Amino acid sequence: MAPVVALLLGAMPAVAEEAPPGASSCFGCHSPTREGATIPSLRGRDPAEVAAAMRAFRDGTRPATVMDRLARGFTEAESLAISAWVVR
Amino acid sequence: MKVARRALIGLLSAPALAQGAAQIVVIGGGFGGASCARALRRHGLAVTLVEPNATYTACPFSNAVIAGLRPMERQRFGYGALRAQGIVVVHQAATGIDTTGRRVTLSGGSVLSYDRLVLSPGIALRFDALPGYDEAAASVMPHAWQAGAQTELLRSQLEAMEDGGTVVMAIPANPYRCPPGPYERASLIAYYLKTRKPRSKLLVLDAKDAFSKQRLFEAAWAALYPGLLEYVPLSAGGRATGVDVAARAVITDFGNHEGAVVNVIPPQRAGAIAQIAGAADRSGWCPIDPVSFESKLVPRVHVIGDAAIAGAMPKSAFAANAQARVCADAIAVLLRGAAVPEPRLLNTCYSLVAPGYGISVAGVYRPAEGLLADIPGAGGTSPLDAPASFRAAEAGYAEDWFETITADAFG
């Protein structure tokens with residue numbers, strides 16, 4: 001079975017991968033594709049930069065309207081996983 | 001062998017799915033259903049969306065339409081992008097669900113088989129709950145709580161009203177669609193009256209004493225609409241016990257309140273198909289597993305959006321979209337026979353109290369004791385003492401959010 005699976009996988013288009021906890025909700029505001037958006041896209045960013053922003057929002061050291069309230073719902077480990085996923 | 005085969009199903013492209021693949025049926029083409037269909041399709045699954053209307057009319061920002069601040073056209077969305085993505089969109093009503101045989105019957109008589117069914121039916125207005133307020137009454141005293149013709153009726157009634165008239169609003173007890181929505185509507189109607197018909201009054205009758213973003217709304221009302229907007233909570237006799245259609249009045253225990261324009265937001269329950277599926281409990285809403293959004297009453301049926309009992313998560317478009325994504329991921333995991341990991345979900349709800357003056361409430365949620373619970377220390381409302389620039393920024397983010405969420409749901 002395994003070689004057959006590998007063969008099929010190679011021929012198939014990439015499909016969505018499940019998001020780590022919390023990450024998919026980010027797209028409710030941060031569109032990865034919409035042009036001209038005020039709320040910035042996260043696609044293509046450095047995940048470390050996104051994680052640092054989340055940390056600063058969580059700590060209250062970066063001014064925010066709503067991101068401070070949201071970032072406080074996540075641990076550093078959760079924020080890192082989210083950051084790695086949302087930039088793809 | 002079985003697991004391996006299931007693993008493949010999630011990876012196949014649409015043409016390859018023609019035979020033997022998992023079939024997902026989504027009922028309801030609003031923010032929850034359309035978003036979920038698209039997310040399921042991104043997982044490579046075969047998805048059929050059942051939605052009777054060819055055009056969706058969005059509720060968020062419809063209060064701005066009522067106040068004359070926004071054209072109705074901006075609320076309307078089609079399903080062309082879903083079709084282009086490979087989703088089969090059927091503009092019929094689902095009339096029956098056989099949850100044992102896993103089949104959905106459509107109004108045209110055809111039958112759809114499913115491996116997993118997603119219900120995102122939104123709300124049904126309860127025309128049996130408030131004496132006198134039936135469907136015919138809604139053509140005189142609009143609810144405007146499902147956007148469309150009702151939104152335009154309330155708008156035209158406000159336009160036709162003479163300066164000096166009284167507008168009456170009746171707001172239900174919890175739970176109902178969009179917890180801060182009635183107060184945003186009160187704010188924007190007050191704005192319309194202040195700027196266009198300044199001798200008029202707005203009387204807001206509420207069946208409860210506490211509501212979403214209350215301190216922010218009340219501070220804004222005191223600053224912007226003193227003497228114009230009068231708020232009557234439950235404890236001061238604000239609960240509507242019925243309506244008198246002929247007199248165009250809302251009845252309370254403390255007297256009748258006649259209005260030149262009367263907006264009655266009646267009690268609600270999950271959309272009718274939820275009852276038909278057996279997914280709604282005696283409350284009228286649908287209990288769900290907060291990890292997978294699978295019904296606690298009917299296996300292989302998932303319920304998202306306003307119809308679901310989601311604990312601390314409000315009935316909002318943002319929440320429906322967030323739940324749609326988590327539900328789609330859960331279905332993809334279940335189809336390959338794996339355990340669904342515990343999710344986290346967000347909500348952010350903006351309200352306008354005047355043009356350029358936005359406020360918000362946000363939350364972060366996790367499954368706890370069979371419901372979705374607030375993560376302590378996170379979420380909450382905009383600060384009470386924020387400067388005008390902060391309110392202006394949130395008003396701008398509200399508009400931007402609407403553009404993004406509608407682009408995600410409808411393309």
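What follows is a working chat about a predicted model with chains A and B.

Colleague: Before I start, what are the ground rules for numbering and for the predicted model?

Modeller: Residues count from 1 along each chain as its sequence is written, while chains are lettered from A and ligands numbered from 1 in the order in which they are written. The model is predicted, and local features need pLDDT of at least 70, side-chain atom pairs count only at pLDDT 80 or more, and totals for chains, interfaces and linings use all residues.

Colleague: Chain A, then. How many helices and strands?

Modeller: Chain A has four helices and zero strands, in the pattern α-α-α-α along the sequence. Helices (H or I, at least four residues) and strands (E, at least two) are DSSP runs, numbered from the N terminus.

Colleague: And what share of chain A counts as buried?

Modeller: 32% of its 88 residues. Buried means that 20 or more other C-beta atoms lie within 10 Å of the residue's own, exposed means 12 or fewer, and partly exposed is in between, with C-beta atoms placed from the backbone.

Colleague: How many residues does each chain put into the contact between A and B?

Modeller: Chain A gives 28 residues and chain B gives 46 residues. Two residues are in contact if their C-beta atoms, placed from the backbone, lie within 7 Å.

Colleague: Which elements of chain A give two or more residues to that side?

Modeller: They are α1 (2-11) and α3 (67-71) of chain A. The largest share comes from α1(A), with three residues.

Colleague: How do the residues on chain A's side divide into nonpolar, polar and charged?

Modeller: There are 16 nonpolar, eight polar and four charged. Ala, Val, Leu, Ile, Met, Phe, Trp, Tyr, Cys and Pro count as nonpolar, Asp, Glu, Lys and Arg as charged, and the others, Gly among them, as polar.

Colleague: Switching to chain B. What is the strand order in the five-strand sheet?

Modeller: The order is β5-β2-β1-β9-β20 in chain B, an open sheet with parallel pairing. Two strands pair if DSSP finds at least two bridges between them.

Colleague: Which strands stand at the edges?

Modeller: β5 (88-90) and β20 (301-303) of chain B do, each with a single partner strand, so one side of each has no neighbour in the sheet. The twist from one strand to the next averages 20°. Angles run from 0 to 180 degrees between N-to-C directions, and axes are lines fitted to C-alpha atoms, for helices over the stretch in contact.

Colleague: How many bridges join β2(B) to β5(B)?

Modeller: Three, with β2 (residues 46-50) of chain B running parallel to β5(B). Within β5(B), Val89(B) is opposite Leu49(B).

Colleague: And the three-strand sheet, parallel or antiparallel?

Modeller: Antiparallel, an open sheet in the order β6-β7-β8 of chain B. β6 (94-98) and β8 (111-113) of chain B are at the edges with a single partner strand each, so each has one side without a neighbour in the sheet. Four bridges pair β6(B) with β7 (residues 103-106) of chain B, and Ala94(B) is opposite Leu106(B) in β7(B).

Colleague: What do β14(B) and β15(B) form?

Modeller: A hairpin with four residues between the strands, where Arg248(B) in the turn has a positive phi of about 50°. β14 (residues 240-244) and β15 (residues 249-252) of chain B run antiparallel and share four bridges. Val243(B) has Val250(B) in β15(B) as its bridge partner.

Colleague: Now the helices. At what angle do α2(B) and α10(B) cross?

Modeller: Roughly 30°, with the axes of α2 (residues 31-42) and α10 (residues 317-335) of chain B coming within 8 Å. The two are therefore roughly parallel; that label covers angles under 35 degrees, over 145 is roughly antiparallel, 65 to 115 roughly perpendicular and the rest oblique.

Colleague: What about α10(B) and α11(B)?

Modeller: Their axes come within 11 Å and cross at roughly 40°, with α11 spanning residues 388-410 of chain B. That makes α10(B) oblique to α11(B). Ala317(B), Phe318(B) and Asn321(B) in α10(B) meet Ile405(B), Asp408(B) and Ala409(B) in α11(B).

Colleague: Last one. Is Ala223(B) buried or exposed?

Modeller: Exposed, with 11 other C-beta atoms within 10 Å. Ala223(B) belongs to helix α8 (residues 214-224) of chain B.
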